[in-house]
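Please read the following note with the model open beside you. The points are numbered so that each can be checked in turn.

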Amino acid sequence: MSADEQEQDETHRAPVPSAHQQPVTVTTGKQRQLSRRRFLGAAASGVGLAAVGSVGGALISRSAPSAAAPSHRDTGSAQTGATAAHQWAMVIDLRYCNGCKACTTACERYHYLHQDQTWIHVFTMQSESGEQYYMPRPCMMCEDPACVPVCPVSANFRTAEGLVLVTQQRCVGTRICMNACPYQARYFNWSAPVPAPRQPFPQEPAWPVPQVEGTVGKCVFCAAMLPSGRIPECASYCPMGVIYMGDLESDIAVNGIGNVVTLSKFLTENTAIRFKTTFGTHPRVWYITGHGQTLDTDKEVA
Amino acid sequence: MSSRVEPLHSPQQDWRPGILEPVEETTDSEAPPPAIETVRSAAMRPILVRPKWFWPAVGALSAVVALGFSAWIVQLRTGLGSAGYNNQAFWAIYEANLVTFIGVSYGGAVVSAILRITKTTWRAPLTRIAEATALVTLPIGMLFIVPHLGSSWKLWELIWPPYWNLSSPILWDFFAVSTYLLATCVFFYLPLIADLSIGADRLARLQTSPGRKLLYRAYRVLAGNYNGSLSQRRLLAGAIGLVAIMVIPMAVSVHSVLSFAFASSSRPGYLETIFPVYFVVAALYSGVALVVVVVAGARRLFHLEAFIERRHLVRLGFIMVALGAAYLYLTFTEYLIDSYSNTTGNAAWVYQTLLGRYWMPFWFYFVAGGLVPILIFMFRRTRNATGVVTAAGLVLAAMWVKRLVIVIPPATEPLVRSPFGPTGALGLGWGTYHFTWVSISITVAMAAAIPLLLLIVFRLVPILPVAEMEELAAAAERAETTTTTKAAGPVVRLHAGGGAPVSALDHGETQGDDDDE
């Protein structure tokens with residue numbers, strides 16, 4: 001197949017769940033001011049291409065696609081400008097969380113994880129009035145993830161659908177992404193993983209079962225389930241209906257007890273906030289608070 | 001180099017008449033060196049005369065290295081968790097060791113490159129030892145990447161360009177350290193060429209065993225066609241000068257980039273703009289300390305007292321203490337300024353490091369690595385060779401501990417926590433790194449590999465830079481004959497015992513330390 005044909009093939013291909021595609025190193029298409037990591041990415045590609053003598057060209061080529069990208073509210077579409085069919089997001093309604101940790105258990109069972117690998121971790125927090133509340137923390141699926149640009153072997157990537165995934169077959173285990181993540185959402189396989197009786201073949205970042213020893217694993221929003229219309233295990237198994245899986249494109253969110261909401265309306269009406277927005281990561285996980293608590297964040301109305 | 005240099009030796013030129021050569025048996029070790037010894041003989045003595053302690057020392061150190069190797073096998077089989085790591089202490093001892101061991105290789109750059117560029121002549125007898133130390137410690141430090149990685153068997157991916165992510169500081173580390181290793185090898189080899197040529201002439205007549213024959217061949221090959229002619233020496237001197245200049249920015253870049261791996265995150269305690277400078281000064285400091293220890297050891301073990309004097313150690317000590325003061329200042333700056341930022345993360349980190357769960361290692365560094373070396377140098381009574389070596393030993397230990405204090409507290413700090421309520425009571429608590437026999441064994445084995453490899457290197461290459469010392473001595477001699485003043489005396493001793501060599505080191509501030517052992 002010639003290069004032209006291949007390109008044509010690429011353009012005509014229907015949007016597929018891009019978790020199955022080759023990793024894309026930095027994919028931020030959202031319109032916003034120059035952030036630190038974007039600057040670093042541009043600088044790094046500048047350094048790389050300076051070797052072949054075109055610094056200016058690198059900077060232009062780096063910034064041009066994002067300028068041409070469609071101005072969507074929260075699209076994390078790939079830097080090619082193509083819009084994916086879905087933009088996955090999660091809403092966690094803290095008002096109803098009773099801290100039962102059914103989400104953690106379901107996640108660990110489904111992904112065959114060790115007890116300490118709490119991909120969705122339920123933190124016990126204290127509100128300003130001294131009241132205890134519970135806060136589940138999955139991967140935030142940041143639009144500008146801190147973990148992706150630091151990986152030396154490009155094992156972290158962000159899909160066109162806004163999922164941040166790890167290619168565990170490539171991860172060498174430097175753990176610099178664990179250093180970078182402000183949410184401590186990354187977990188390492190310090191010993192042999194829990195054996196899994198049923199294994200996907202070939203292994204893919206969207207369905208990291210079983211885990212690979214000596215590599216980093218994290219919440220994947222159960223990416224392999226999403227294309228078939230199923231919601232993640234944590235959402236399915238939450239008896240309180242705390243966790244909503246949503247799609248920013250179709251503007252719908254669903255929880256495990258059958259509530260279906262209009263995502264944008266749901267977020268606005270309940271004054272949803274995001275965790276640690278000061279870090280500039282632009283998480284795709286929203287929290288609905290009800291205890292007067294703050295989440296170590298500037299209040300950001302979605 | 002100046003055009004006044006003259007050829008000092010050639011393959012045809014025999015040893016100077018009237019100078020005794022050392023005994024050639026390979027068993028004698030306890031006998032003192034000959035009463036009158038040239039630098040040529042002394043430099044080759046560790047190669048030709050095997051000390052009695054050599055094989056026992058090599059055996060003991062190899063046993064320690066073997067223990068570390070077996071610990072690494074255990075780690076490979078059971079996972080990185082066996083080294084004491086967990087999700088809330090994801091970086092700890094190996095990362096601190098990586099920084100420490102690459103850091104101590106900086107002594108070679110200081111003594112050899114910086115003092116060479118500044119035309120400091122007294123460093124001449126120390127250069128080979130310092131460069132060998134750098135050559136040995138740098139690969140050992142790099143080797144810590146292997147236990148550090150969770151999947152060390154995928155190490156090849158770092159040299160596989162399609163996988164490279166150029167925005168990753170770890171990749172920059174890899175490039176910087178590899179380049180520096182190459183430069184260190186070149187910087188070790190270039191000044192060695194002339195000495196290998198001289199040594200080959202000497203070995204030519206002493207090919208008594210297969211090992212000697214092999215060594216002779218290796219010397220001949222590595223020395224190339226060097227014959228000490230004026231043009232060759234000029235070319236070599238130019239190359240050495242150029243590499244000396246290139247090595248310094250490379251050394252600075254290595255530790256700067258190492259610090260980027262920590263600093264390029266939002267983690268309190270890692271996100272510090274002071275880190276590159278902080279790391280570079282720490283590396284220079286501990287590097288000079290290691291050179292002091294190695295020079296003192298080599299001087300004693302290989303009987304080089306005639307060429308490396310106690311004053312050399314004191315001089316190195318001054319450099320070490322100056323760097324130590326600089327590092328103390330940077331430490332003070334870092335914690336002072338951070339203690340003013342009262343954000344949850346920063347306040348907790350500063351508190352836990354200085355007064356909380358990490359107070360002991362921090363203040364150990366402060367006393368043993370910060371204050372004591374300076375105190376030792378403040379008083380004339382203690383400002384001598386013994387004091388310097390003591391201080392250097394303390395500095396090496398304290399700087400390793402300091403690296404642990406730099407690496408571990410931020411890595412164990414909880415980032416998801418309740419903004420209210422008692423610290424650590426809710427949300428995520430502080431993590432704990434557990435020292436295990438696996439990680440300790442690997443660390444001790446790597447530390448034991450330094451003297452092991454140094455002993456082997458010193459039995460393979462001339463321990464003193466013969467050609468350079470002779471050249472400096474000749475230059476000084478010429479200066480003495482052409483000028484009436486005695487300002488520029490010989491700076492390097494070429495003879496032990498015979499006559500009373502005048503040394504530039506005789507002047508000045510270090511009077512208390514020239515008593516014999």
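**Notes on the predicted model**

1. Of the 517 residues in chain B, 50% count as buried, where a residue is buried if 20 or more other C-beta atoms lie within 10 Å of its own, exposed if 12 or fewer, and partly exposed in between, with C-beta atoms placed from the backbone. This is a predicted model, in which local features need pLDDT of at least 70 and side-chain atom pairs count only at pLDDT 80 or more, while totals for chains, interfaces and linings use all residues. Residues are numbered from 1 along each chain as its sequence is written, and chains are lettered from A and ligands numbered from 1 in the order in which they are written.

2. Chain B holds 16 helices and two strands; helices (H or I, at least four residues) and strands (E, at least two) are DSSP runs, numbered from the N terminus. Two residues are in contact if their C-beta atoms, placed from the backbone, lie within 7 Å. Among contacts in chain B between residues at least 6 apart in sequence, 77% join residues at least 24 apart.

3. Leaving aside residues up to four places away in sequence, Val288(B) touches Gly107(B), Val110(B), Leu316(B), Ile319(B), Met320(B) and Leu323(B).

4. Helix α8 (residues 210-223) of chain B has 14 residues, which at 1.5 Å a residue should span 20 Å, and its end C-alpha atoms are 20 Å apart, which agrees; the expected span is 1.5 Å times one less than the number of residues. Which residues of α8(B) are buried? They are Leu215(B), Tyr219(B) and Ala223(B), and, seen down the axis of α8(B), the buried residues fall within an arc of 55°, so they line one face of the helix. The arc is that of the directions from the helix axis to the C-beta atoms. An α-helix has 3.6 residues a turn, so residues three or four places apart point the same way. The face of α8(B) turned away from its buried side carries the exposed residues Pro210(B), Leu214(B) and Val221(B).

5. The contact between the chains takes 40 residues from chain B and 46 residues from chain A. On the side of chain B that touches chain A, helix α7 (residues 169-204) of chain B gives the most, with four residues.

6. Some caution is needed with chain A, which averages a pLDDT (the predictor's confidence in each residue, from 0 to 100) of 76, with 69% of the residues scoring at least 70. Over residues 46-81 of chain A the pLDDT is below 50, although this stretch has 55 contacts in the model beyond near neighbours in sequence.

7. Most residues other than glycine have a negative phi, and most peptide bonds are trans. The peptide bond from Phe201(A) to Pro202(A) is cis, with omega near -5°, and the bond from Val209(A) to Pro210(A) is cis, with omega near -10°. Gln184(A) is not a glycine, yet has a positive phi of about 50°; Gln184(A) is buried, with 22 other C-beta atoms within 10 Å.
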